[in-house]
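Open the model in your viewer and keep the selection tool at hand. The stops below say what to select and what is there.

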There are 2 protein chains.
Amino acid sequence: MTTRWLTPEEQRAWRAYIASAALVEDALDRQLQQEAGMPHLYYSILATLSEAPERRLRMTDLAEGLKITRSRLTYAVTRLEKDGLVRREDCRWDKRGSIATLTDEGMRVLERTAPGHVETVRALLFDRLTPEQVGQLEEIFTAVAGGFQGDDAHATAEDVPWRRRSGKPCS
Amino acid sequence: MTTRWLTPEEQRAWRAYIASAALVEDALDRQLQQEAGMPHLYYSILATLSEAPERRLRMTDLAEGLKITRSRLTYAVTRLEKDGLVRREDCRWDKRGSIATLTDEGMRVLERTAPGHVETVRALLFDRLTPEQVGQLEEIFTAVAGGFQGDDAHATAEDVPWRRRSGKPCS
DNA sequence: TAGGTTTGTTTCAAACTTGAACCAAGCGGA
DNA sequence: TCCGCTTGGTTCAAGTTTGAAACAAACCTA
């Protein structure tokens with residue numbers, strides 16, 4: 001079957017999106033590197049942990065919630081652990097398991113840097129959009145995220161990133 | 001001034017966006033790594049060159065068009081040059097300058113892999129959106145990109161990535 | 001309950017990115 | 001013309017990401 005190239009409109013949308021997505025991520029990385037001494041992903045790890053019950057999560061759940069590979073997470077957590085922001089504990093119910101816990105220090109860093117992060121997100125994105133566009137943005141990317149469901153049978157998107165592996169308790 | 005946290009709606013939009021953006025980039029990288037043996041950025045370099053007059057661009061123009069650092073580009077072009085897809089030439093008018101040119105081989109790789117890339121873009125994004133949403137997507141990210149104008153006074157987004165540095169000819 | 005498969009996590013080397021430092025070559029004015 | 005400032009590019013070390021092993025524990029199933 002012959003290629004269905006992008007229409008001019010799709011072309012424009014795609015280029016605007018790709019360029020902006022990269023710019024936003026870069027800006028976020030730089031801002032957080034400045035204020036928190038870590039890239040965006042690492043901040044997200046702390047943030048995700050902070051919302052989890054008891055501020056702890058199994059590595060695999062954390063990786064799935066953040067949609068990153070386990071090996072990437074291993075590296076990141078090792079660094080955060082060195083910095084004292086996260087602690088690794090063994091899972092008592094599953095001896096293979098490893099649990100990442102946000103330390104008090106980690107919580108403090110998060111609380112200290114969150115306002116600046118939110119400001120940046122506003123400056124980069126929401127301040128530039130109308131309220132309708134915010135709604136559209138959500139719908140568009142909820143639809144896009146839907147395309148990845150099959151990949152590894154997750155819960156939808158970010159709603160319950162701390163969902164447990166099986167029904168098994170864990171800590 | 002006290003932090004303006006994200007509203008629940010903004011929160012949802014932000015999370016859907018962040019997660020999807022990462023997923024899309026990853027999927028793109030994987031697809032292109034498979035089919036073309038290079039990550040998305042490297043493919044974009046070839047694509048940008050292919051649209052430039054004479055398929056050549058000064059390093060800095062290329063970096064600005066792609067919105068990446070010069071050093072990142074240097075590394076990437078070095079690799080692409082090793083693979084024979086791009087060639088470096090000296091700029092005759094400005095002895096500091098270096099010009100990246102797409103080779104015939106590079107053009108062939110691009111032509112061979114473009115259809116698959118477009119398919120992927122459709123599968124990841126456009127197939128999941130209504131025509132109205134495509135328009136909304138463009139408007140949203142054109143607005144977002146607008147926020148970066150001051151950073152280095154570019155032409156808007158991707159429209160003229162091959163624009164010349166000064167008025168000076170170059171090759 | 002032994003043996004094979006799956007699951008959770010880490011390890012390792014190779015590739016890539018970052019930011020600061022560096023080196024030329026242009027440029028502008030005293 | 002000489003000098004200091006800017007611009008175009010590369011280099012280098014440190015940090016990060018990738019994907020393919022490697023491992024170990026848990027889970028079948030015959």
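Start in chain A by selecting Arg55(A), which sits in the loop between H2 and strand E1 (56–58). Helices (H or I, at least four residues) and strands (E, at least two) are DSSP runs, numbered from the N terminus. The phi of Arg55(A) is near 55°, a positive value in a residue other than glycine. Its relative accessibility is 29%, so Arg55(A) counts as partly exposed. Buried means under 20% relative accessible area, exposed over 50%, and partly exposed in between (1.4 Å probe, protein chains only).

Before moving on, some ground rules. This is a predicted model, in which local features need pLDDT of at least 70 and side-chain atom pairs count only at pLDDT 80 or more, while totals for chains, interfaces and linings use all residues. Residues are numbered from 1 along each chain as its sequence is written, chains are lettered from A and ligands numbered from 1 in the order in which they are written, and side-chain values use heavy atoms, with hydrogens and water left out.

**Chain A as a whole**

The average for chain A is 88, and 87% of the residues score at least 70. Now select residues 152–171 of chain A, where pLDDT stays under 50. For this stretch the model has 36 contacts beyond four places in sequence; contact means heavy atoms within 4.5 Å.

Switch to a cartoon view. Chain A has 7 helices and 3 strands, and from the N terminus on they run α-α-β-α-α-β-β-α-α-α. Of the 171 residues of chain A, 48% count as buried. The chain exposes about 8,700 Å², of which carbon and sulfur atoms supply 49%; accessible areas come from the Shrake-Rupley method with a 1.4 Å probe, and for residues only the protein chains shown count as cover.

Next, select Lys67(A), in the loop between helix H3 (59–66) and helix H4 (70–82) of chain A. Its phi is near 60°, again a positive value in a residue other than glycine. Lys67(A) is buried, with a relative accessible area of 13%.

**The two chains together**

Show both chains. A rotation of 180° with 0.0 Å of shift along its axis superposes chain A on chain B, with an RMSD of 0.1 Å. The two copies are thus related as by a two-fold rotation axis. The superposition is by least squares on the C-alpha atoms of residues with pLDDT of at least 70 in both. Through which surface do the copies meet? They meet through the same surface, since 100% of the interface residues of chain A are also interface residues in chain B.

Select His40(A), in helix H2 (residues 40–51) of chain A. His40(A) is buried, with a relative accessible area of 5%. Leaving aside neighbours within four places in sequence, His40(A) is in contact with residues including Glu25(A), His117(A), Trp14(B) and Ile18(B).

**The core**

Which residues have the most contacts inside the largest nonpolar core? Select Trp14(A), Tyr17(A), Phe141(A), Trp14(B), Tyr17(B) and Phe141(B); the core has 44 residues. Helices H1 (8–36), H5 (104–124) and H6 (131–146) of both chain A and chain B each give two or more residues to this core. A nonpolar core is a set of buried Ala, Val, Leu, Ile, Met, Phe, Trp, Tyr and Cys residues joined through side-chain atoms within 4.5 Å.

Zoom in on Tyr17(A). Beyond its neighbours within four places in sequence, Tyr17(A) is in contact with Phe141(A), Tyr17(B), Ala21(B), Val24(B) and Phe141(B).

**Helices of chain B**

Select H1 (residues 8–36) of chain B. Its 29 residues reach 41 Å from the first C-alpha to the last, close to the 42 Å expected at 1.5 Å a residue; the expected span is 1.5 Å times one less than the number of residues. After H1(B) comes Gly37(B), whose phi is positive, near 65°.

Go on to helix H3 (residues 59–66) of chain B. Lys67(B) follows H3(B), with a positive phi near 60°.

End at Ser50(B), in helix H2 (residues 40–51) of chain B. Ser50(B) is partly exposed, with a relative accessible area of 22%. Ser50(B) and Met107(B) are 57 residues apart in sequence and 7.0 Å apart in space, C-alpha to C-alpha.

Definitions and conventions: pLDDT = per-residue confidence, 0-100.
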